[in-house]
Amino acid sequence: MASPDLTLDILCVGAGFAGLFELYHLRSLGYSVKVFEAGGDIGGVWWHNCYPGARVDSIVPVYEFSDEKLWKDWSWTEKYPDWKELRRYFQHVDEKLDLRKDILFNRRVVSAKWNAGKDMWLITSQDGFVVSARFFLLCVGNNSKIYIPNFPGINKFRGSCHHTARWPQGGIDLCGKRVAVIGTGASGVQVVQDVGPRASQLTVFQRTPNIAFPMRQRTIDEETSRKMKQELYSTVYRRCRQTLGGHAYDLYPKYSYDATEEERILFYEDLWNKTGGLQLVAASYLDIRLNQQANDELYYFWRKKVLERVQSPRLQEILAPEAPPHPVGAKRPSLEVSYFDTFNLPHVELVDLTQDPIVEFTENGILTADGHEREFDVIVLATGFDAMSGGITQIDIEGMDGISIADKWAKSVQTYLGMMTANFPNMFFIYGPGAPTALSNGPTCIEVQVEWINACIKDMMDSGVKRIVPLHEAEEQWQQIISQSMSTGLYDAPTSVFLGRNIPGKVSEPLLFVGGIPKYTEICREKMYNGYEGFSRTSLQ
């Protein structure tokens, strides 16, 4: 086993929300902490996501750290900030907390092995640098391993081809170009509406229709920001801990059919026109993800709105089919500003991949099953991620039994409390599988988990506990809890990220705890207060 180049109390992987939060708080406790970041700067997903139109889908101020020292002298300019403003925010966080000195950039972790003799992790980066750390914190998030389908001939294409999450940092000039966008998830929607008016030709390849909601974007002036901070911010952050999805809003306290038909229509109209956004699901009736009839009614309300904006009857049926492609909310809803209107432009084409799948990439473009070869200058791969678990399993992590986490999770992604997994001592992961994650506001979920993890580490340090690892039976019980929580809701989408179905060959299984932030927080605290119930803890000799 290689000798370490550096010995630490804690190594964090990733310099996004979770990694920065951990670095600041663990360092303040007096521990030696470093962050390894594969990217060239701080921001995590917002360093990598610089594709055209990229912006967040959570409204400010919930999509930021709740620490007053960070928000009191920072002002957002938009309700939904874009990637450029988010990068400026992370620079602000760095300046306030002096984080950069403990972050090593362009350092991708490729392996980690547990040294049972020393109760330490031996962690290696792609350049051969080796760190020995007592605690190993994976702050890689749920969307860090990109997914590119195995398109035949993809390397033949002579133009420019990029995944949205690996977009060139200098950008690409798409004005007047012939552009293809493969995929209509969140990033696909954003690219299409941004590039559509500028490209000379835009072809969109759709596998699944996107039940996208209106963003209702607006600017925020300095006076409005000042008043929000003075009157609302502290209340908003406390409220986020109380709601199902970790936002400042929650489900409407009424069941769908306790309201009259007229009441429901006006309720949806109000949500659609005044707020839009994720509120169409997350602030809807209590049973919107439980009652199929109520869910269908929301879908047909949405469909009517889309049909009013799309001129072509053929495109209407592809973009908003009469039969719902999946329940509303079975995938995290995307937000749009002009996505559906873009398809009215004469130079924009929509290809339904269920009817005309891609046969192969060619030197000049893409050949589909109907025999049509379309030529492009740029191909945008908006094909998503091996979400929840992929960012962790792409690292060769070997636990106390010598089995890698990729092998352990190949048959089923098993976690305990969505923060640890059996046979991998002192290794925590944040905003990954088995937690509220993609069904919650990122910073809220992250802060809940980080607070728990840091309290656990401090308790171990203070009380002489050298090792903590979940019990297999506790892990199995947690899997039953998340399976049960998902089985009672409408999450059965054919290509659901929540179930791992967007990746060919990946086991279809529940990957999220859908009981909400308050219940999740309560369970995690209960396990801690009960002496870390479900864990094995080993004290120093």
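Predicted model: local features only at pLDDT ≥ 70, side-chain atom pairs only at ≥ 80, totals over all residues.
With both side chains displayed, turn to their rings. The structure holds 37 aromatic pairs. Tyr 339 and Phe 343 form one of these, in an edge-to-face arrangement with 5.2 Å from centre to centre and 90° between the planes. The pair is classed as edge-to-face because that label applies to planes over 60 degrees apart.

Now select Phe 17, Phe 21, Trp 46, Tyr 63, Phe 65, Trp 74, Trp 76, Tyr 89 and Phe 90. Together these residues make up one aromatic cluster.

The next stop is Arg 107, to be shown with Phe 36 and Phe 129. The charged end of Arg 107 sits over the ring of Phe 36, at 5.4 Å from the centre of that ring. Arg 107 also lies over the face of Phe 129, where the distance to the ring centre is 4.4 Å.

Finally, move to the second largest pocket, whose volume is about 470 Å³. To find this pocket, select Leu 244, Leu 251, Arg 289, Tyr 491 and Val 514, which lie nearest its centre among the 27 lining residues. What is the make-up of the lining in nonpolar, polar and charged residues? The lining of this pocket comprises 16 nonpolar, eight polar and three charged residues.

How values were computed. Residues numbered from 1 in each chain as written. Heavy atoms only, no water. 1 Å grid on protein atoms, 1.4 Å probe; cavity = no way out; pocket = protein on both sides within 12 Å on 5 of 7 lines; lining within 4 Å. Points joined across faces, edges and corners; volume = space filled by probe spheres on them. Nonpolar A, V, L, I, M, F, W, Y, C, P; charged D, E, K, R; others polar. Phe/Tyr/Trp six-rings, centres within 6.5 Å; stacked < 30°, edge-to-face > 60°. Lys NZ or Arg CZ within 6 Å of the ring centre and 35° of its normal.
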